[in-house]
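Please examine the sequence and the structure shown here before reading on.

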Amino acid sequence: MKKTVSCFIAQASAESMAATVEALRSTDIVDKITILATDPEAAVPAGCAVINIDSPASSATVKRIAEAATGDYILLFNRQDILVPGYLALERMTRIATDSGAGMVYADSYLVVDGKRSNMPVIDWQEGALRDDFDFGAVMLFDTVDFRRAAAGIDVDYKAAGLYDLRLRLGRIAPIVHINEYLYTVIAAPRNESGEAIFSYVDPKNRGVQIEMEQACTAHLKAVGAYLEPVFDKISFDRGDFEYEASVIIPVRNRVRTIRDAIRSVLSQKTDFPFNLIIIDNGSTDGTTEAIREFADDPRVIHIIPERDDLGIGGCWNLGANHPSCGKFAVQLDSDDVYADENTLAKMVAAFYEQNCGMVVGTYMLTDIDMNMIPPGVIDHREWTPENGRNNALRINGLGAPRAFYTPMLRQIGVPNTSYGEDYALGLAFSRHNQIGRVYDVVYLCRRWEDNSDHALDIVKTNANNLYKDRIRTWELKARQALNKQA
């Protein structure tokens, strides 16, 4: 006997809804199609049921879907676009869901924009996939029984985090399975032009949404035994014998256009303690090496050219942190960026003593290459709080800049030899036992330009980055669960 599917699609333009409904009705396992309507006055395709909702992602909407579903599976399409399932795709999805015992399955897809088709692969879900913006694609297919079990446990009336809360709960009940097959096509509806994408959690206008997401994630961490109470180990700052109080560390490769600005911003710092600059010049071929040598007369500048050819940014950091002249505190500066003024280093170092922390994170401002502010401007990461920051860190995708570390602890933990996510991994590792301090003054200018390492990444690179960060979260989740079991 074939499994049946109840379909729930977001209200969209009449044309988009009509095309999606027609495509779904061509599949004989679809038993009912329901429109999730935020505008009760708008017309919907004939023969469709309607549920009037406050928000597509609210707890109330999740519960209404659970009540209205009549099929063995629930298909959710929460886009304003047109959905075209592949040939026998829903049959394939329900079969795999049944065979694997999955509470939810999702698949790779095609995206058509202005007649041009592109591949839209997604990544495997894992225990550490706690980002609220984890991309399951446009279609999620749930086992109705598991969906209802998860929905029944929802005990907070979220306006924006309801669907996120549901999938966290669902992951505790049954497997979430990625079908790495291209099973449907999304035809994009016309959209207004928008600016450069940024992490949603750093946009100030999304603060209310982020508070809900944090609440849902924190509840999940408690449920799986990975929540950490706000109790931190004390640090005495008397480990080792350091000639310098601080070292700024700059890994660099082929940044001749920006490296001089970075170096000057360090050498202009005003402090009442000795500091130096350690530059790890990782195989530059564009004149960067020669640009660094222009500063050789300043004894504070240490120019390292590694003999190895297998170092990522993290490996360069390990070289700098373990250099005999590295200071008590190691402070980050990317070769694209500059410190905001001459007081950055002093403020970052002072925070270690004032807040008794093993790591400090500052506040930065996004600018163009000429240091003119660009939207959204100041990024202060106020989602990091002493009370819950280290738990919320498992949900968000970054911790801010600049970052600074107590060098003995940095040497002990070590930096992953990667060129993406190494700083995030450090933040999670430091926060497992120690407070992470915050500086809310703008102390750093993060410059966006065409050669940034994170500029205009393609889907394959983006997926690889996200998969790695989710893996970091999974490892940290396991470590925190083990820590709590020992307590």
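A salt bridge is defined here as a side-chain nitrogen of Lys or Arg within 4 Å of a carboxyl oxygen of Asp or Glu. The model is predicted, so local features need pLDDT of at least 70 and side-chain atom pairs count only at pLDDT 80 or more, whereas totals for chains, interfaces and linings use all residues. Residues are numbered from 1 along each chain as its sequence is written, and side-chain values use heavy atoms, with hydrogens and water left out.

Side chains of opposite charge can pair when their charged atoms come close. In the whole structure, 22 salt bridges are found. One of them joins Arg-395 to Asp-132, with 2.4 Å between the closest N and O atoms. This pair links distant parts of the chain, 263 residues apart: Arg-395 belongs to the loop between helix H11 (389–392) and strand E17 (403–406), and Asp-132 to the loop between strand E7 (116–120) and strand E8 (139–143). Helices (H or I, at least four residues) and strands (E, at least two) are DSSP runs, numbered from the N terminus. Burial is judged by relative accessible area: buried means under 20%, exposed over 50%, and partly exposed in between (1.4 Å probe, protein chains only). Arg-395 is buried at 2%, while Asp-132 is partly exposed at 21%.

A further salt bridge connects Asp-336 with Arg-255, the closest N and O atoms lying 2.8 Å apart. By contrast, the salt bridge of Glu-476 with Arg-480 lies within helix H14 (residues 459–486), where the two residues are separated by about one helical turn because they are four residues apart. Arg-131, Asp-133, Asp-470 and Arg-473 are linked in a salt-bridge network.

Seven of its seven residues are buried, so E10 is largely enclosed by the rest of the structure. Ala-246, Val-248, Ile-250 and Val-252 are buried on one side of E10, and Ser-247, Ile-249 and Pro-251 on the other. Strands count as paired if DSSP finds at least two bridges between them. E10 pairs in the parallel sense with strand E11 (residues 275–281) over seven bridges, Ala-246 having Phe-275 as its bridge partner. E10 also pairs in the parallel sense with E13, over four bridges, and there Val-248 is the bridge partner of Val-331.

A nonpolar core is a set of buried Ala, Val, Leu, Ile, Met, Phe, Trp, Tyr and Cys residues joined through side-chain atoms within 4.5 Å. The largest has 81 residues, and Val-248, Ile-250 and Leu-410 have the most contacts inside it. Apart from this core lies another, of 32 residues, including Ala-12 and Leu-141.

Cys-7 is buried at 0% relative accessibility, and Cys-446 is buried at 9%.
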